[in-house]
Amino acid sequence: MLEPLNEGFLSRISDLLLCRWTCRHCCQKCYESSCCQSSEDEVEILGPFPAQTPPWLMASRSSDKDGDSVHTASEVPLTPRTSSPDGRRSSSDTSKSTYSLTRRISSLESRRPSSPLIDIKPIEFGVLSAKKEPIQPSVLRRTYTPDDYFRKFEPRLYSLDSSSDDVDSLTDEEILSKYQLGMLHFSTQYDLLHNHLTVRVIEARDLPPPISHDGSRQDMAHSNPYVKICLLPDQKNSKQTGVKRKTQRPVFEERYTFEIPFLEAQRRTLLLTVVDFDKFSRHCVIGKVSVPLCEVDLVKGGHWWKALIPSSQNEVELGELLLSLNYLPSAGRLNVDVIRAKQLLQTDVSQGSDPFVKIQLVHGLKLVKTKKTSFLRGTIDPFYNESFSFKVPQEELENASLVFTVFGHNMKSSNDFIGRIVIGQYSSGASESNHWRRMLNTHRTAVEQWHSLRSRAECDRVSPASLEVT
């Protein structure tokens, strides 16, 4: 009697464990074990189905397909479960409502896929009835940081002055033996009482002999040196010593003052450029010396012998010219004021220069009128303050050009050309065009502007009006 009792109790316990979550009525009457019965095909379901079908289920599904016993979800007859009046289910209802787990899983997997398959296609943009162009996603490339990018370059190969890449690491004796450009003796002193910096150019020695490709040069054995002084980054307000004739050891002994606050002076760099004067061609730069003023004691002052190093600027600038333009539409007059010039190219070794300015009006490609200022003796920074007026009707103004040429007066031969600019229809540069445009936009108002002088060849190349004048 004990064995059947034990077998019945164990079967009920096993049915209790196997049939949970199988039927919603089991929560109330699962102990009776009358709702469903286990079979060999049924297993316990403890959670959601996995994303992919296990191999053992695929094998069972294939065996069902072979036996033509697989039904889809729409083919499986799901009969509603009814309970007996006493709350228990009959064995026939239990057998009808119970089906194999394999068929349940098959019906569920037929309704939801095991894993989604995404078909990636090119994104297409376009308008209806228009040709569509597939756009593929761009390939990600490696991004370079600034350090990686600039590590490929060598700054010394791209510097303006390639000869000064290792100058800072050399002594004056090594620089002198390497370049053989000579040495310059100078001094500095700052006056706190008057707020100005004094630069004294004393002398130079061992300058190289001149190199000239002009056969008309008479004396090739000696140079005619002079020194230009400026405080970088301002190169406009520069000073210039006199020219010392036919010597490689010039003695200057000249002093120059710069009105500048003390704190501003400490931010500047003193640049001294030694230039060889050449009357028959362009002046040639021999060498330069640069001293950051933050590295010296300006108040205490000092004297230095510095070796010259090569300069990237082979030719000196021709100078600058300050002009004022004013047009009166009612009178049809174009008024021109030649105010001043500074740092003009020196044309006379002994007396500096005797500069004057020639103003020529060109209408189209025809020279109409020529006027000129008086010449000032022995200066490279002349003040003219002279006014000129030209008759130009308003309808002809847009076809007019003004040619300004600076000469050095010469009593014995032809005048020495210094520099030229063209303002108007055929301007010689962007600065000149800007000045002319400002004058046209502001009638009856004087418009002033500084202009850097250009060579004759440069003006002839860019301005047809320069070819029409002498």
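How many bridges join strand 5 to strand 8, and which way do the two run? Eight of them, with the strands running antiparallel; strands count as paired here if DSSP finds at least two bridges between them. Before going on, some ground rules: this is a predicted model, where local features need pLDDT of at least 70 and side-chain atom pairs count only at pLDDT 80 or more, while totals for chains, interfaces and linings use all residues. Residues are numbered from 1 along each chain as its sequence is written, and side-chain values use heavy atoms, with hydrogens and water left out.

Back to strand 8. On its other pairing, eight bridges join strand 8 to strand 9, again antiparallel. T269 is a handy place to look: T269 is the strand 8 bridge partner of L232, and T269 also stands opposite P292 in strand 9. Seven of the eight residues of strand 8 are buried, so the strand is largely enclosed by the rest of the structure. Buried means under 20% relative accessible area, exposed means over 50%, and partly exposed is in between, with a 1.4 Å probe and protein chains only.

Zooming out, the chain has eleven helices and 18 strands. These are DSSP runs numbered from the N terminus, H or I with at least four residues for helices and E with at least two for strands. Of the 470 residues in the chain, 39% are buried. The accessible surface comes to about 29000 Å², and carbon and sulfur atoms hold 53% of that; areas come from the Shrake-Rupley method with a 1.4 Å probe, and for residues only the protein chains shown count as cover. A contact means heavy atoms within 4.5 Å. Among contacts between residues at least 6 apart in sequence, 65% join residues at least 24 apart.

Now for the inside. A nonpolar core is a set of buried Ala, Val, Leu, Ile, Met, Phe, Trp, Tyr and Cys residues joined through side-chain atoms within 4.5 Å. The largest one has 32 residues, and L184, L197, V227, I229, L270 and L272 touch the most other members. Elements giving two or more residues to this core include helix 7 (172-179), strand 5 (225-232), strand 8 (269-276) and strand 9 (284-292). Apart from it lies another core, of 30 residues, with L323, L345, A400 and M439 among them.

What does S238 touch, leaving out residues up to four places away in sequence? The list is K228, I229, C230 and Q343. S238 sits in strand 6 (residues 234-240) and is buried, at 9% relative accessible area.

Finally, the rings. The whole structure holds four aromatic pairs, meaning Phe, Tyr or Trp rings (six-membered ring for Trp) with centres within 6.5 Å; planes under 30 degrees apart count as stacked, over 60 as edge-to-face and the rest as tilted. F186 and W304 make a tilted pair, 5.8 Å centre to centre with 35° between the planes. This pair links distant parts of the chain, with F186 in strand 3 and W304 in strand 10 (residues 302-307), 118 residues apart. F186 is buried at 0% relative accessible area, whereas W304 is partly exposed at 22%. F356 and F407 are stacked, at 5.7 Å and 25°. F356 lies in strand 13 (residues 355-363) and F407 in strand 16 (residues 400-408), so their pair ties together parts 51 residues apart in sequence. Together with F417, F356 and F407 form one aromatic cluster.
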